[in-house]
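I opened this entry to look up the aromatic contacts and the strands around them. The model under study is shown below.

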Amino acid sequence: MTSSLRESMELLNHLNIDANQSPYHGTSSMSLSPLNTSTEELMDYSEHQRSEMAVLNNLWYKEAIFYEVYVRAFCDIEGTGNGGLSGITNKLDYLHSLGVDCIWLLPIYPSPLKDDGYDVSDYCDIHPDYGNLNDFKILVKAVHERNMKIIADLIPNHCSEKHRWFQSARASRDSPYRDYFVWSDTPLKYKDARIIFLDVEQSNWTYDEMAGQYYWHRFYKEQPDLNFDNPKVQQEMLNILKFWLDLGIDGFRVDAVPYLFEREGTSCENLPETHEFLKVMRSFIDVNYPGRIILAEACQMPDEVRKYFGENGDEFHMGFHFPVMPRIYMSIMRENGDCLREIMEKTPEIPVKCQWVTFLRNHDELTLEMVTKEERKEMWEHYAPIPRMKINLGIRRRLAPLMNNDQRKIELAYSLLFTLPGSPIIYYGDEICMGDNIWLEDRHGVRTPMQWDDSYPNGGFSTSTKLYSPVIHDPEYGYERVNVAAAERDPSSLFNIIRQMIQRRRKHISFGHGSFKWVNSENPRVIAYMRICGIDRMLIVHNLSDKPQSATLQTHESLQAHYRNIGSANTSQELKTPKPPRRHHPSLGTEENDPNRTSDHFPSEGQFQDNSHVFHPHHPHFLSVTTSDDIQSHFLVDILTDRQLMVDFNGFVKVDLDPYQFYWFSMGEITTLGEGPKSRDLRRKSIFKPPSNLPQAVSNHSTTFSLKDMNLNIPEFHPHTVKSKIEE
């Protein structure tokens, strides 16, 4: 460990900064606690309760649905033309109703906005367009009242050229901030480091006339890199963390983490010194703010990102899995999941308290850095046929336009996102199929105003006549047609489908904590895998094709083999694992000691050569059960549609799927939606459109209610009729 990093480690033992004496702000900004308890009556937000495992171990982030908010674009309630923190506070109940657990704020700091806020001019204040620190305190308090979390971007690698540190540093070589940055008399140093913004930058060095030297920057020249070899810079970052954590924030998405240090003869990425400092940062948070998290933004292959979790989970809690994202699109494009399976098989195991983060789109381009040149060419030809759609090594398009606004394909993509390992992130507006504007500069075309309703002239985003960016206004994606109000009214809208998927996902701990295993399919257009966490076992099946498909999947060993009793395992003893209640198939009765009960759904004693059908009341270790260890796991029920299947005696099950259809089979539950025959598949709007007098019902909180409950003037109908029509 370098001496500078050792000094920072020692500082952790006695760091005690008085926020009221912070050099960044006066005492008035900290005079009121943002976490004052409210005496007002609150809405019932218990829907966002977390599992006992997550609560006992501070693992809320492993089960969370994240929602990425571009603050400027979300909601303007003050008529300034820019969205702000108060606008987000105003729309929290919308996010809560969608099922969001944690809000991720894009940069909120003062900035010249050369890079949309990633060029920070003050790390401890709010951009005046977005509000002030008091607005931030109000937002944090309101988020926590709803049993939700909130994180924000932290940009440690670089700041703005307008930051007072850089302005002082360039003015004199004797400035105390001169060594806050990386200087050189020649632009030939670190020549092995790649240039990231190839479209706009020719070098990682820029000459500054006032300073008389070149300064180092991995991104725009307006964003000089900070010098993390200077222990004062490391201490500044810890001070900044403390400032925001004291205001109640639940964590940070840390930007551009691979680039913190530079060394000659290397790519200046993923250096050992970077990991040493990240351990310091993690230790600071764990000691002083347990339960808060840091998320690594490292656009690398999974074996490299694995290093950012630390050998023992002592660096980042979470890390983006960038290579999964383009392969979801590639799998749907090719109607073949081999590329997705390949990258998942290359994904290493991570510490039990760490978590991958996955996404379909975000505020940047759909990056193709993590695919081959041939794959990149194939993706560009399919998803970016117009040259303007390309930028850097990616595609500047939103999700809906990428999928040609085919809701079936969009739902399929979300199903993959919600069921593959990791905590998913939804990008604002994608839940209502918002479009983009490729004719805006840079990545601004995917950062247009949120479309709340069809009101003129700004779709409910703002009353201002001068917006930071024009709203989408075209026949297919314009706010008159695509908006939140319309999506909330339509039970078959993408918004309501995602909402249902999130509600179902939340009931199954295997999605957040479970193991992952591919299930072989003889049909390459159908991919299947399992998510298993103790008695919670899920079989996920997707049809990647635009035509009906069938697949025979082997999910178990032969049913004629004896079921094994497995002892406790030691693999997860560092977690406190609650003992879950046993679920029973209705035909097996409700008592564990009833070995003689049979039904039409389960083979009788004579159908087995042994007594393997007898139900054993053994309770194996919570995290170590496999599908073949439990007699109930051979009953499959789709938690989205209530469709039921059964695995045959040889451990096989045949699944028939409509175009782009998917199933989330729970292995061991005869019904999951609470109403049995009244459950309906809300996802098939694009396949089957019922007559106007047979509208579909919406399931809410695992119960079924009619559209009459939504105060709509719709005649009553018989639920069995709709179900039979859909099955036809």
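I counted rings of Phe, Tyr and Trp as a pair if their centres lie within 6.5 Å, with planes under 30 degrees apart called stacked, over 60 edge-to-face and the rest tilted. The model is predicted. On this criterion I found 42 aromatic pairs in the structure.

I looked up Trp104 and Phe320. I noted both Trp104 and Phe320 as buried.

I then turned to Phe320 and Phe322. The centres of these rings are 5.6 Å apart with planes at 50°, so this pair is tilted. Phe320 and Phe322 are both buried.

Next I followed the strands from β9. It pairs with β10 in the parallel sense over 3 bridges, and Val357 in β10 is the bridge partner of Phe320. Strand β10 (residues 355-359) has 5 of its 5 residues buried. From β10, Gln355, Val357 and Phe359 point one way, whereas Trp356 and Thr358 point the other way. I also recorded parallel pairing of β10 with strand β14 (residues 423-427), over 3 bridges; there, Phe359 has Ile425 as its bridge partner.

Elsewhere, I noted a cluster linked by ring pairs, with Tyr109, Trp165 and Phe243 among its members.

Finally, I checked charges over rings. Lys114 lies over the face of Tyr220, 5.0 Å from the ring centre, and Arg398 over the face of Tyr428, at 4.6 Å.

Note on methods. Residues are numbered from 1 along each chain as its sequence is written. This is a predicted model: local features need pLDDT of at least 70, side-chain atom pairs count only at pLDDT 80 or more; totals for chains, interfaces and linings use all residues. Side-chain values use heavy atoms; hydrogens and water are left out. Rings of Phe, Tyr and Trp (its six-membered ring) pair if their centres lie within 6.5 Å; planes under 30 degrees apart count as stacked, over 60 as edge-to-face and the rest as tilted. Buried means under 20% relative accessible area, exposed over 50%, partly exposed in between (1.4 Å probe, protein chains only). A charge sits over a ring if NZ of Lys or CZ of Arg is within 6 Å of the ring centre and within 35 degrees of the ring normal. Helices (H or I, at least four residues) and strands (E, at least two) are DSSP runs, numbered from the N terminus. Two strands pair if DSSP finds at least two bridges between them.
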